[in-house]
Amino acid sequence: MPTEEPLVLGIETSCDETGVGIVRGHTLLADALASSVDQHARFGGVVPEVASRAHLEAIVPTMRRALDEAKVTLADIDAIAVTAGPGLAGALLVGVAAAKGYALATDKPIYGINHLAAHVAVDTLEHGPLPEPAIALLVSGGHSSLLLVDDMTAGVTPLGATIDDAAGEAFDKVARLLGLGFPGGPVIDRRARDGDAGAIAFPRGLTAPKDLAAHRYDFSFSGLKTAVARWVEARQRAGDTIPVADVAASFQEAVCDVLTAKAIAACRANGVETLVIGGGVAANSRLRALASLRAEKHGIRVRVPRPNLCTDNGAMVAALGSHLVAAGVAPSRLDLPADSAMPLTVVTA
Ligand code: KG4
Ligand code: ZN
């Protein structure tokens, strides 16, 4: 009789979402989430102290919900995975401390894992094992990276990253200057649907031949954000109304154009046929459509998890934990640290 695949629980507290996910192999059984996003809205960004306190209040109830949803008990769990970094130090500590407590109480192995690698691994819950090598485009509120994934258990190779703002940060800042609230990505995505993406020619950072030499796979969104701000200010000074939908669509197009062009170039240069996109910005409808359109021309398959698996959640941590357990990777020590600057080359702490 085949033995059952291990039951792995994942805890995520690196930013403003408290997530607890439970998977068996590649099968998602529960994905409980509590978000403190509303508490940060009036500040226009995540306030670390507020996030830590919210995690502290949410962690136990979220854990209970996940266990109920999966119809299992803590004693049934085979391993506990937790985001050890990168992220907000205080926020990470809440999850890591909770995971240690549960691991100690149940005598189960603990895996301190890399949040960014988890954003890639989560796709296996929807599309099955990831063919390796693959190129991963990770775009969130804190990160924008292009990675070569040769062997997820051993670490990923960074090819490029943003040299200033992250893609999600650009969405959030542009939404703020358009008065659209926080977080900016979902609302810009929505408003852009009624706009003309070709209305305003906003700059495409690090795509000029002189920049490509040193920054082939790097991104820059700060110049784009400034260009949008200047364009809006000039209209405001002239007393004109701002065509919000056109600005949103043109800005979104500039971001998605650069992200997809560089991701496809990385696939082609490395002879890779699979592109996986993860992180909060991967929920963007235009990014998903443009990536598929461009990839198809080169015989590249694009894998993007459904939007609620793209943003931070516990299922992604459980997914990576499950992959490590299946590969026979040794667990972390019980005194594993939370590492706010955990490098991408480290998958498990
Ligand atoms: O991965 P995530 O939930 O948290 C981080 O690790 O940062 O990503 C959050 C980011 C925010 O900047 C948010 O504005 C952006 O993802 N985002 C989007 C969309 N949904 C969320 N950006 C563009 N389009 C979306 N539909
Ligand atoms: Zn994230």
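Biologist: Which protein residues are the donors of the zinc ion (ligand 2)?

Modeller: In this predicted model, the protein donors are His115 through NE2, His119 through NE2 and Asp312 through OD. They lie 2.1 to 2.2 Å from the zinc ion (ligand 2).

Biologist: How are those donor residues spaced in sequence?

Modeller: The spacing reads H-x3-H-x192-D. His115 and His119 both belong to helix H4, residues 115-121. They are four residues apart, which is about one turn of the helix.

Biologist: Why is the arrangement around the zinc ion (ligand 2) irregular?

Modeller: Four donor atoms surround the zinc ion (ligand 2), and the angles they subtend run from 93 to 150 degrees.

Biologist: Are the two histidines, His115 and His119, buried or exposed?

Modeller: His115 counts as buried, because its relative accessibility is 5%. His119 also counts as buried, with a relative accessibility of 2%. The cut-off for buried is under 20% relative accessible area.

Biologist: Let us change topic. How many salt bridges does the structure hold?

Modeller: The structure holds 12 salt bridges. One of them joins Glu126 and Arg306, with the closest N and O atoms 3.9 Å apart. Glu126 lies in helix H5 (residues 123-127), whereas Arg306 lies in the loop between strand S10 (301-303) and helix H12 (307-310), so this pair ties together parts that are 180 residues apart in sequence.

Biologist: And how accessible are Glu126 and Arg306?

Modeller: Glu126 is partly exposed, with a relative accessible area of 32%. Arg306 is partly exposed as well, at 34%.

Biologist: What about Lys225 and Asp165?

Modeller: Their side chains meet in a salt bridge of 3.0 Å, N to O. Lys225 is in helix H9 (residues 222-237) and Asp165 is in the loop between strand S8 (155-161) and helix H6 (167-177), so the pair ties together parts that are 60 residues apart in sequence. Asp165 is buried, with a relative accessible area of 7%.

Biologist: Which residues are linked with Asp165 in a network of salt bridges?

Modeller: The network links Asp165 with Glu169, Lys173 and Lys225.

Biologist: Where in the chain are Asp257 and Arg204?

Modeller: These two form a salt bridge, the closest N and O atoms being 2.9 Å apart. Asp257 is in helix H10 (residues 244-269), and Arg204 is in the loop between helix H7 (184-192) and helix H8 (209-215). The pair links distant parts of the chain, 53 residues apart. Asp257 is buried, at 18% relative accessible area, whereas Arg204 is partly exposed, at 27%.

Biologist: Turning to the domains, how is the protein chain divided?

Modeller: Domain 1 comprises 7-122 + 313-326, and domain 2 comprises 131-305. Their C-alpha centres lie 27 Å apart. The contact takes 17 residues from domain 1 and 14 residues from domain 2.

Biologist: How much area do domain 1 and domain 2 bury between them?

Modeller: They bury about 1200 Å², with 80% of it on carbon and sulfur atoms. Leu116, His119 and Val120 supply 41% of the area that domain 1 buries against domain 2, more than any other three residues.

Note on methods. Residues are numbered from 1 along each chain as its sequence is written. Chains are lettered from A and ligands numbered from 1 in the order in which they are written. This is a predicted model: local features need pLDDT of at least 70, side-chain atom pairs count only at pLDDT 80 or more; totals for chains, interfaces and linings use all residues. Side-chain values use heavy atoms; hydrogens and water are left out. Donors are N, O and S atoms within 2.8 Å of the metal (3.2 Å for Na, K and Ca); water is not among the atoms, so sites may look incomplete. Four donors count as tetrahedral if all angles lie between 85 and 135 degrees; four count as square planar and six as octahedral if opposite donors are over 155 degrees apart and all others between 65 and 115; anything else is irregular. Helices (H or I, at least four residues) and strands (E, at least two) are DSSP runs, numbered from the N terminus. Buried means under 20% relative accessible area, exposed over 50%, partly exposed in between (1.4 Å probe, protein chains only). A salt bridge is a side-chain nitrogen of Lys or Arg within 4 Å of a carboxyl oxygen of Asp or Glu. Domain bounds come from an automatic or database domain assignment. Contact means heavy atoms within 4.5 Å. Buried area is the accessible area (1.4 Å probe) that two parts lose on being put together, summed over both.
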